[in-house]
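User: Please take a close look at one part of this model. I would like a connected account of the residue and what surrounds it.

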Amino acid sequence: TIFGEYRDELYKRIEKAINTLRTVWYANSDLRLGQLILAVVNEDKLFYMEDGALMKAIEEFYLANKEK
């Protein structure tokens, strides 16, 4: 059904986001979750930010900080 396909896509999106967050957080384990998220994006923008944009910002943070 359409709802089943939508749900499957939703689960895939959530799983990808969690995996991205897991990778970045493990690499920056000295940060608390709130610190990590605020290091990535301004608090004022977080509420309205699309998931894809947030994941991109988290990935960019990871790439910029993995060499340090």
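Predicted model: local features only at pLDDT ≥ 70, side-chain atom pairs only at ≥ 80, totals over all residues.

Analyst: Residues are numbered from 1 along each chain as its sequence is written, and side-chain values use heavy atoms, with hydrogens and water left out.

Now to Asn 28. Asn 28 sits in the loop between helix H1 (2-27) and helix H2 (33-40). Helices are DSSP runs (H or I, at least four residues), numbered from the N terminus. Asn 28 is buried, at a relative accessible area of 10%. Its side chain reaches back to the backbone oxygen of Val 24, at 2.9 Å. Leaving aside residues up to four places away in sequence, Asn 28 touches Phe 61 and Asn 65 (contact means heavy atoms within 4.5 Å).

H1 has 26 residues. From its first C-alpha to its last, H1 reaches 38 Å, close to the 38 Å expected at 1.5 Å a residue (the expected span is 1.5 Å times one less than the number of residues). Val 24 is one of the buried residues of H1, with Gly 4 and Thr 20. The cover over these buried residues includes H2 and helix H4 (51-65).

Technical notes
Helix = DSSP H or I, 4+ residues; strand = E, 2+ residues; numbered from the N terminus. Buried < 20%, exposed > 50% of the residue type's maximum accessible area, 1.4 Å probe, protein only. Polar contact = N/O pair within 3.5 Å; in protein donor to acceptor, adjacent residues only side chain to side chain.
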